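I opened the model today to look up a few helices and their neighbours. My notes follow.

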Amino acid sequence: MQPVVSDRLDGLFGALSARKRVVASQLPVTLTIALVVLAAAIFSPATLANSIFLAALLFHLAIAATCLAVPWARLPAGAFAVIPLLDCLAIGFTREAGGPAFNVLSMMLVFPVVWLSAQARPYMPVLAIAGTVLSTLAPSVVQGAPLTGGSMIRTLILPLVMSVIAVTAHVVATTIRRHRVRLVQNEQDLARTLAESVRRQALLDAVLKAVGVGVWVVDTRGHTVLANRAMRTDPALGGVMDPAGGPGMLMLADRCTPVPSGLLPAIRAAAGDAFTDELYWAGPADRQRAYSVSSHGFPPAGGQEGGAVITFVDVTTLVSALAAKDDFVATVSHELRTPLTSILGYLELVLDEPGHEDIREELLVVRRNAEHLLSLVNDLIAVASERMDLSLEETDLARLLALEVDAALPKAAGNGLQLVLDVEQPLPARVDPERISQVVRNLLSNAIKYSPSGGLITAGAVRTDAGLVCSVTDTGVGMTEEEQEQAFTKFFRSARSRETAIPGAGLGLPVSKTIVEGHGGSISLDSEPGVGTTAIFILPGL
């Protein structure tokens, strides 16, 4: 398995010496100060003549030199904390010396605050908060500047905002650190399970030599021709081969519905039905085992009648590992949603407070990205639980579709695409309008992202005997049959999207599928490489 970028970065950072790690952590502040000096030289040369401003820059230079000169490996583990604390002081003096034009430098406090708060030691966030307070108080005390209303607001609000960031960064870092250990263990368990499955398959040189896999050969009447030792001795499969005990011995994927007699593997295989990797459960309710069941027929030969080979592969561990992975995704998503909601709440408080007009645009960027991240977290929770709460109400689907098309028109035009609406008026339906709007947005977004300039996108809806049929058709890059089969799989992204760096998390279609099926409908794709894609979802009509 190829390591992800974050794993490579962690490995690279972990391989550095203590001194290089401190230098690397200090690098964002140093580079930002360098950019500040460059900006001051271009747009405010008089600032560089200010002796206090120059002294603050020398302070930054001294901090960077300290990072390089001090043998951190010989000092106690937490000694590096003095560097971000000094950064907070230096940022405060630089901001004050630069005057109102440099108030935006308060945002630089995020670097030392996150550096400290992301550490495992619980006292580090306290140091980060203390550093923020010092950055606001120390310059005023040293310069003897009186406390005005604006400075009081900054003295109170800035440490408050940074405190929230510090606590959030510490909670998130601790949560990720803890769950990452679990994820690594789950991945190792999954890798061992897959490796064992591959090993067993490799040992299937012949039916009678299969080890660890139940092999059952039946004739065209469904009678047993032979079964290997694994099949006969598996207690969970003990009654499956018995025609009298077969019905009710196997359960469907829901683990409680018995397989109908006409759909038992032996009956289907005897009728010539070939199937692969279908999931069944067998055994007592308190000791059920999961089996991946496959059937491959063989024709008559040498005077012998044909039949089929049925294999039972125990995948209980694999199913459990996959369930654990889904639980992990859901748990991490819930853990992330709480601090993100807190961040958005405090950002609203900051935006409502006066005195932040000079950094309002930056705060709006932070809010927009936090809202986007919260939306992704909610999508993760939805696909992990495979269900979504719906608030149904009578809605005009035609109007809903028209609103989403109007909202997507600027982006489509910006990409050189023509977006056309073709819908009957009206189309009453009982749906959750917010969720169905989300489905339409996802489909329109995909069509815009995967269509080259000059293409045509058509969004339509019509009432049929099957229900309300909505479609989004594009003339984009299209998908192969294999990609269409995987399109509704969580986190799946086509090779083309990865090669061309088209943004996305691979959640749009799975979330849309969950929403549509929650309404009792269905969603499908019809695509051809180089021609385009049509996404269709059908909802029950009134």
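I took helices as DSSP runs of H or I with at least four residues, numbered from the N terminus. The expected span of a helix is 1.5 Å times one less than its number of residues.

This is a predicted model, in which local features need pLDDT of at least 70, side-chain atom pairs count only at pLDDT 80 or more, and totals for chains, interfaces and linings use all residues. Residues are numbered from 1 along each chain as its sequence is written, and side-chain values use heavy atoms, leaving out hydrogens and water.

Entry 1, H14. I looked up helix H14, residues 433–449. H14 has 17 residues and reaches 24 Å from first C-alpha to last, close to the 24 Å expected. Its buried residues (under 20% relative accessible area, 1.4 Å probe, protein chains only) include Pro-433, Ile-436, Val-440, Leu-444 and Ile-448. I found Asp-432 capping the N-terminal end, with a side-chain oxygen 3.1 Å from the backbone nitrogen of Glu-434.

I checked how helix H4 (residues 51–69) packs on H5: the axes, lines fitted to C-alpha atoms over the stretch in contact, come within 8 Å and cross at roughly 160 degrees. That makes H4 roughly antiparallel to H5 (an angle over 145 degrees, on a scale from 0 to 180 between N-to-C directions).

Thr-94 lies in H5, residues 82–98. Is Thr-94 buried or exposed? Thr-94 is buried, at 1% relative accessible area. Its side chain makes a polar contact (N or O atoms within 3.5 Å, one able to donate a hydrogen and the other to accept it) with the side chain of His-60, at 3.0 Å.

Key. Helices (H or I, at least four residues) and strands (E, at least two) are DSSP runs, numbered from the N terminus. Buried means under 20% relative accessible area, exposed over 50%, partly exposed in between (1.4 Å probe, protein chains only). Angles under 35 degrees count as roughly parallel, over 145 as roughly antiparallel, 65 to 115 as roughly perpendicular and the rest as oblique.
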